[in-house]
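Trainee: Could we go through this model together? I would like to begin with a ring and then move on to confidence.

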Amino acid sequence: MAASMAMTLGVLTPAISVVSSIEGLKVQSNDLNHRIMVALAGVLLLSLFVLQYQGTHKVAFIFSPVVLLWLLSIAALGVYNIMHWNPRIYEALSPIYIYRFFRLTGIDGLISLGGALLCITGIDILFTEVGQFSASSIRVAFCFFVYPCLVLQYMGQAAFLSKNFSAISLSFYASVPDAVFWPVLVIAILATVVVSQAVLSATFSTVKQCHALGCFPRVKIVHKSKWIDRQIYVPEINWILMVLCSAVTLGSQDTTRIGNAYGIASMTLIFITTSLISLSIYFVWHKGLALALSFFILFGSIELTFLFSSYIRILQGGWVPLLLSSIFLFTMFVWHYGSRKKYLYDQNHKLPMKWILTLGSDLGIVRVPGIGLIYTHLANGVPATFSHFLTNLPAFYQIIVFVCDKTVPVPFVPQKERYLVGRIGPKSYRMYRCIVQNGYKDVNENENEYDFENALIMSIAEFIQLEAEGGGSGTPDGGSIGGRLAVVKSSENFGKRFGISKSNGFEGTSSSSLNITSSKSATLLKLKMMYDEQESPEVKFKTRVQLTLVDTRYKDSFVKEEVMRLMEAKKFGVAYVIGHSNSKAKWNSPFLKRFLINIVYSFLRKNCRAPSIALSIPQTSLIEVGMNYTL
């Protein structure tokens, strides 16, 4: 629910930020048409979302100066208004005025807290997605710079309103002196762009993390090495947010309704966060139940007061975040429910190792040169996708690798701990398992598929060496049926035996490929290159990374032979095998389950990104195996 509210803020924050910044034009022109303001806001919003598509790395260097200039500007305006209109406004800092306010206003004062809430919401946006900074630096920046600037600004507005109460609807821009009005307006618009950019980046990050944890449909995660560290872009979410944000902007008559919606979303997210921190204090950090309850009572009671005053405004635009968050929440729930059912189905229908061992080293099929990567969600056992493929086509590649792309419940996984490699069956079977561990915040920065393929080959080769040094046992020929996994990149000698060369497109690959003596003829290789060039013209311009074995000195001749076979198979190419599923609920399932699986989950699965796109699998090397799931 908190994640769905965070996504909702990705819709509301750009809308309220842009519209409120443009509203300052009313101060200079009272006759300004509302439609003109909405049109200007629409243009700014469109430019903002297009900027996400192009990438913000080219203009990111101005973000910090803009925020600094904005904070200093509002602080200077606050000081000016205090000195010009009411120097005694500092007396309002006394807590006695809180008591007097509620004594005079009663329940109306409690309800008005929903509006006062907007004075503090948005501060957290300044620190969105700044996890690369330390906690102490964030505290210092807030306590000694951000907070004093905000207090001075609101004190200045209060001083101005004490003498100009009729200007309360546009108090900020009305309090700006005419001499600096236009510069302040320009800085305000730039600041809203920066704030909106931060919220959109946080929304993309939230969607990416939910997707990694299996709680959001497959989307395309875009990241380029020249971008800011860990900055990502999700095309589908960007355009969906643009449509929803434009609809909210066009549908609202003023910022009051958007403000009510924004307040509910922000306060709900804040309260859920406080509740989760209270649980973390006791269950994760083990600080004691008394501290957890004290934290929740202290902060939760204050937030519940604001939450109550916000929800009173449901009919005045507050229903918008509830509707949007419900849609996001329902989508996340159905996707997680369907994905979990599919995983349990795979777990219950995986192939027993005894069946694999009875087939013999050739698995009862024709083994052809090359490497076949079989993607599966299972971290152990052989998936049913493999047997289904062999049933329809009794032939497969010489080297078989079961790849499991696993997201672990930690933010980041170090590179040296990312690849876990093991063996399936005896050595003569030439079957391996590789679990690729990723944190839910990790971003795949590989520029092309060759980076992954080479890392995988080096990891398997290193495992073969480690297995020999460890005296792998368990089968007559030294293989391990138990499937023990090794963290191969933690080895000091990892990758030292290999050399990497780069070439563009097919340049430098044809001659080496055609000189391979095998059953794959030169004609077939030429046809493959022609197919790649026609189906994927961008291959010609893509940097191809070639892996070569430069150090062939091995103490164990069997290790050398197995590694050489692995490298020879790599030269023949790598194929990616992935399941293409069709999910149906059992005919005797309850109506609700059949509705969720057969209609909602099927709709999401058919309209989201294909698994090959989400996993960055090259289409020219993809083999899909049709599978029917009865959940």
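Trainee: Is Phe 333 buried, exposed or partly exposed?

Mentor: Phe 333 has 48% relative accessibility, so it counts as partly exposed (buried means under 20% relative accessible area, exposed over 50%, partly exposed in between, with a 1.4 Å probe and protein chains only). This is a predicted model, in which local features need pLDDT of at least 70 and side-chain atom pairs count only at pLDDT 80 or more, while totals for chains, interfaces and linings use all residues. Residues are numbered from 1 along each chain as its sequence is written, and side-chain values use heavy atoms, with hydrogens and water left out.

Trainee: And which ring is stacked with Phe 333?

Mentor: That is Tyr 337: the ring centres are 6.1 Å apart and the planes are at 20°, so the pair counts as stacked (rings of Phe, Tyr and Trp, the last by its six-membered ring, pair if their centres lie within 6.5 Å; planes under 30 degrees apart are stacked, over 60 edge-to-face and the rest tilted). Tyr 337 is partly exposed, because its relative accessibility is 22%.

Trainee: What about Tyr 173 and Phe 181, how do they pair?

Mentor: Tyr 173 and Phe 181 are edge-to-face, with 6.0 Å from centre to centre and 65° between the planes, and both residues are buried.

Trainee: Changing topic, what is the average pLDDT of the protein chain?

Mentor: The average is 80, and 81% of the residues score at least 70, where pLDDT is the predictor's confidence in each residue, from 0 to 100. Over residues 471-482, however, pLDDT stays under 50. Where pLDDT is low, the predicted coordinates should not be read in detail.

Definitions and conventions: Contact = heavy atoms within 4.5 Å.
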